[in-house]
Amino acid sequence: MSRSYGDVVAVDSVTCEIAQGSFVALVGASGSGKSTLLKMVNMLEVPSSGRVLFAGGDVTQQPPAKLRRRIGYVFQGIGLFPHLRVGENIAIGPRLSGEGLPEARIAELLELVELEPDMASRMPDELSGGQRQRVGVARALAIEPELLLMDEPFGALDPITRDALGEKVRELHEKLGLTTIMVTHDMAEALLLADRVLVMDTGEIVADETPEALLVGQGGEIAQGLVAVPRQQAERLAAMEGRLA
Amino acid sequence: MDGFADILFGLGDKLAAHVILAASAIGLGIAVALPLAVWASRSQPVARVALGFASLVQTIPALALLALFFPILLSLRAVFGQGLPTLGFLPALLALALYALLPILRNAVTAQANLDPGVLEAADGVGMTSWQKLRLVEAPLSAPFIMAGIRTASVWTIGAATLSTTIGQPSLGDPIFAGLQTQNWALVLAGCLASAGLALIVDALLGLIERGLARRSKIKWGAGMVAVALGIFGALAYQSGGEDDDTIVIASKQFSEQYILAQLIGSRLEDAGYRVEYRDGLGSAVVHNAVVSSNIDIAIDYTGTIWANQLKRTDNPGREEMYRVIKQWEEGENGVRVLGRLGFENAYAFAMREDRARDLNLTSLEDLVAVAPQLTVGGDPEFFERPEWIGVRDAYGLRFAQQRNFSPTFMYNALTSGEADVISAYTSDGRIAADRLVVLEDPREALPSYDAMVLISPRRADDENLVAALEPLVGAIDVNAMRDANFAVDRSENKLSPKKAAEQLAEVIGL
């Protein structure tokens, strides 16, 4: 499928298949088209040509709102509703489908992302950035999604929070049997969390490898350029440690 | 002068009318602005057109906007039929609602434009339909800003509503306009205080609601809403008690003579058992139309005014003929009953100091012609452009040494101080008697006559009881009696209210 804005082609004739249960990372520089590709899955972006099949059907077969209630979505801006309590934010998805969410389930979801259950009654502006993104994840999980989409989910967080939350999401992915697609510009994060890494450049997928294959030098020049950054950082850190020792 | 507290507490019915008018206008403004704002937030061209239009409306002076609705509604009668009111509540409501539009619309559009894009993306991302997004996210987050717009609109509307007096809608502007004309400052002050007080209270209540919405405190905004609702219901209850279709509505234009005559007529009708309501301070152009459409039942108008403004005539057939033609036209074309002339004129005339006229041996405009080249003539700023002046000048061949313009108030001072020898005056002006002036006669009848006459609306034209109650006024008021009454209201010291002056006038003319 493709997506262009006037003359600018953001996603250029991409074809790919994502297996149920996998954790896929979409990596690339800014403007490589990775976010646009992700958003075409839940129809926040509409393909200029081509189509998206989800669970066997074309995503355009149903109203976008209905589709999105089956797909968890976490993004850098978090987007907690500032006028709703934490608990109400988490329960918004089920509420939209007219079901509602029992308090016990809200508490369970908060515990899942390692927050205290009594946080449900707080307002979003009383929370730290890391806590807010945990609530964002809990909100995405509340609908028991078949698919979890994450667009730079930890981009605005400090490194320690970022690392901890990344680990947590990977753990939840295993525990809940999710299918997860995560957009990130950080190759280290992709290598550590995903079991399949798609590298994008100017709208095309230029590499589709496992983390292990990327680490042994496969995937081509652009992918290796991205892998080189954290590797060199690690080597320089090791060298410094060596000098100290 | 009536006690200030009496005046202030006597404004209950005006206050109730003011509250209902302003609340309805703001309500209508909200009802139009909010859907428009939603539409504008989804379409850039709509936003530009809507905001542009609202800003344009805002540049029209409120007084002009109110007046403009008269011809607009008049032309709409072709669509909605003759029953469409052209004066009073409807045009005031429409003009004020239009005026209230801008602040509400602008705040609502700005609030929508400034919503956090992340929050909007999340709303889409969690699967809200566009209606759910509006209801659950956009509306509650914009509410405090929209409320701030409503607050601004309310303060403006309550202030501008005082101007609706001029198109025949009772409001707190009634005492302000009446007081300005008769220089009764207590009346002006009472009207201003009441209107400003109302604006302050409403501002405080809406501010409470705004803060309640911003801090998501249901108690605060709930209490504010309840208080506002109580105020509106109170006004409605007050007014519905006073509504009566049998009430006779008496108009007056914006000068003392009109207020006095309205009171005189009103008191006679009350004695005859009628309920009476006054519409004071109407625009001169509005009064005649209001009588024709029976929005007003009784008005005093002047033959020269109707001759020029309604019949569009510029010739001068003489006093009797002019009256005959007007009476025939009113009764034939409009169904308005011309009860008769009161006996005095409020015409343009030339006045001089009594001693100066005696020294120069002048009694008429004909005598003036010979000495005019040595004299200075004074007039109000428009006088020397008016057909009355041109007519007189050409009829007598008047040539003065100098023409000077004075504001009406200073014209008389100029005469007493000798800066002008002759001035243009109004024949029934109280200052003619007070300043010991003489009015020069007009033997060639070059100045059109302005006979005061009583007009009765088509709705009341056949009410013989009413006619019987007013008949004694016909031919009963001579110009000296009217001048005295006018002066009693206009003078700066020991002034009377129009009501008191009307009582004295009734005694003088033996009624």
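Q: How many residue pairs are in polar contact across the interface of chain A and chain B?
A: This is a predicted model, in which local features need pLDDT of at least 70, side-chain atom pairs count only at pLDDT 80 or more, and totals for chains, interfaces and linings use all residues. Residues are numbered from 1 along each chain as its sequence is written, chains are lettered from A in the order in which they are written, and side-chain values use heavy atoms, with hydrogens and water left out. A polar contact is a pair of N or O atoms within 3.5 Å; within protein, one must be able to donate a hydrogen and the other to accept it, and residues adjacent in sequence count only if both atoms are side-chain atoms. With both residues at pLDDT 80 or more, the number of such pairs across this interface is six.

Q: Which side chains meet in a salt bridge?
A: A salt bridge requires a side-chain nitrogen of Lys or Arg within 4 Å of a carboxyl oxygen of Asp or Glu. Across the interface of chain A and chain B, the rule finds one. At 3.5 Å, N to O, the partners are A:K39 and B:E121.

Q: How many residues does the contact take from chain B?
A: Contact means heavy atoms within 4.5 Å. Chain A contributes 19 residues to the contact, and the number from chain B is 17.

Q: What area is buried between chain A and chain B?
A: Buried area is the accessible area (1.4 Å probe) that two parts lose on being put together, summed over both. Carbon and sulfur atoms give 67% of this area, and the total is about 1500 Å².
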